Structure formats: structure tokens, C-alpha cells
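This report describes one protein chain, from its overall dimensions down to a handful of individual residues. Please look over the sequence and the structure before reading on.

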Amino acid sequence: MKLYLVPTPIGNLADMTYRAVEILKEVDLILAEDTRTSGKLLQHYEIKTPMLSYHMHNEHKIVDHVVGRIKNGEKMALITDAGSPGISDPGFLITRKMLENNLDVEALPGATAFVPALVVSGLPCDKFVFEGFLPVKKGRQKRLEFLKEERRTIVFYESPHKLLKTLSDFKTHYGGNSRVSISREITKMFEEHYRGTVDDAISHFELKKPKGEFVMALMID
């Protein structure tokens, strides 16, 4: 009668913790964002626990069924394609449902992309704001304007095809001299970090096509 929220590596498979492997081996079922992606991880660590697909497109339909099974005595683990469940990934809804039913939820510590990106950014990290992905259309400009008075380091996630648009929005709302650190492929062979002003970052990524998923840390000037 328990749900474990289990972080998985964001790139380097060696970042899986011993405890995470043990939990995934002992639970009755693993809820996986993409069973094909997670299947490779489970095979690597010789984990034979069955999986059930659980992602943003079906969680509202199956969450009550899953919680019901846990209530009846099963132990389950939730994993995402990479990183910690609930951080810009499924996890919140099922956690809330579990707590509403007075059932145990335990979150294991482990990999998440924004922490290493933040601590190597060179920007203040004693206090920071995590924004995740900005709205794509509706509410985007309003959210950017809302953050204008923020003086803590702001952390964003961004996809490669929207990176330049987001940098352009930063320039419009916060000025080209604001400082930014942009990280990609964290823990992987081609890990890269670009640090400079927003203006410099725009020039850099206009010449170098963005590839991979990005973590952006911004300090408004």
C-alpha cells in the first residue's frame, strides 16, 4: 500500500542509485511515462518488474484505478523518461490522489536536470525560482512580464526549436544585458554550458543550431 516516486538518470545510466534499483525490483508494478524508454533502463539493471504506461495523456483516466490497486495492497513505483517524477513530468496528480486516500507516498532523492545546471551557472543559487517550461502561446507574455521584478535566479526548461524565441523574449522583457547560462546534454558525453549575456547568447545560437534539451538560468539585469 505504497507509491514510490523514483528518479531515473537524465543521461548517464550510472547516475541510477542503488536504492532506486532495489525499489524497482521489489515493487509489484512500475508506472512508466514511456515503457519503451524505461524498458532500456530496466534491461540495463536486470529489473524484471512489469510496467504500466502512465503519462500526461492518460493519467486522468487511469489514476483512480491505479490508486485503487495500491489501496488493495499493491506497491508501485512511478518513473519518468528522465529525472524526478513531478518536476515538469507526471507525478503531481497521483501524489495528490494518494494523499487524499491516506496512502503513503515516498520520494527517493536522485537525478534532476535543473540542479546541476544551476550550480554550474555562475549565477546566485542560494535563492532561485524554478519556472520549468514557459507557456507556448496563451499566457506566455503575461508570465514573462510577471517575472520582470524577480531578482532571484530564474530557471527554465526549453526545447531546441524554441530556444531562440525564448532568448528573444528575454531580451524584449528584461534587456539584452541580463545574464544567462544555458546547459544541454547534462551528464552525457557532449555536455555543454554557454554563459554570457542574453544578446551574446542570441548571437551564439544563431550561428550554432540548438540541439538537445536545455536548462536556462537567468539573472535579470
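## Charge and surface

The model is a predicted one. Its accessible surface comes to about 11900 Å², and carbon and sulfur atoms account for 53% of that area.

## Overall fold

Eight helices and 10 strands make up the secondary structure elements of the protein chain. The C-alpha trace spans about 55 × 35 × 30 Å along its principal axes. For a chain of 221 residues, a compact globule would have a radius of gyration near 17 Å, and the 19 Å found for the protein chain agrees with this.

Of the 221 residues, 47% are buried. Taking contacts between residues at least 6 apart in sequence, 70% join residues that are at least 24 apart.

## R140 in helix 6

R140 belongs to helix 6, which covers residues 140-146. Is this arginine buried or exposed? R140 counts as buried because its relative accessible area is 2%, and the cut-off for buried is under 20%.

Leaving out residues up to four places away in sequence, R140 touches L134, P135, E158, K165, T166 and D169. S84 lies 56 residues from R140 in sequence, and the C-alpha atoms of S84 and R140 are 25 Å apart in space.

## Y174 in helix 7

Helix 7 runs over residues 163-174 and includes Y174. The relative accessible area of Y174 is 7%, so Y174 is buried.

Which residues does Y174 contact, beyond its neighbours within four places in sequence? They are L144, L147, K148, L218 and I220. Between Y174 and K40, which are 134 residues apart along the chain, the C-alpha separation is 42 Å.

## T197 in strand 9

T197 is part of strand 9, residues 192-197. A polar atom of the T197 side chain lies 3.0 Å from the backbone nitrogen of D200. Not counting residues up to four places away in sequence, T197 touches G176, N177, S178, R179 and V180.

## Two residues with positive phi

Most residues other than glycine have a negative phi. S88 is not a glycine, yet its phi is positive, near 55 degrees. S88 sits in the loop between strand 4 (75-79) and helix 4 (92-100). With a relative accessible area of 34%, S88 is partly exposed.

N102 also has a positive phi, of about 55 degrees, although it is not a glycine. Where is N102 placed in the chain? N102 is found in the loop between helix 4 and strand 5 (104-107). The relative accessible area of N102 is 72%, so N102 is exposed; the cut-off for exposed is over 50%.

Conventions:
Residues are numbered from 1 along each chain as its sequence is written. This is a predicted model: local features need pLDDT of at least 70, side-chain atom pairs count only at pLDDT 80 or more; totals for chains, interfaces and linings use all residues. Side-chain values use heavy atoms; hydrogens and water are left out. Helices (H or I, at least four residues) and strands (E, at least two) are DSSP runs, numbered from the N terminus. A polar contact is a pair of N or O atoms within 3.5 Å; within protein, one must be able to donate a hydrogen and the other to accept it, and residues adjacent in sequence count only if both atoms are side-chain atoms. Contact means heavy atoms within 4.5 Å. The radius of gyration is taken over C-alpha atoms; the globule rule is 2.2 Å times the number of residues to the power 0.38. Buried means under 20% relative accessible area, exposed over 50%, partly exposed in between (1.4 Å probe, protein chains only). Accessible areas come from the Shrake-Rupley method with a 1.4 Å probe; for residues, only the protein chains shown count as cover.
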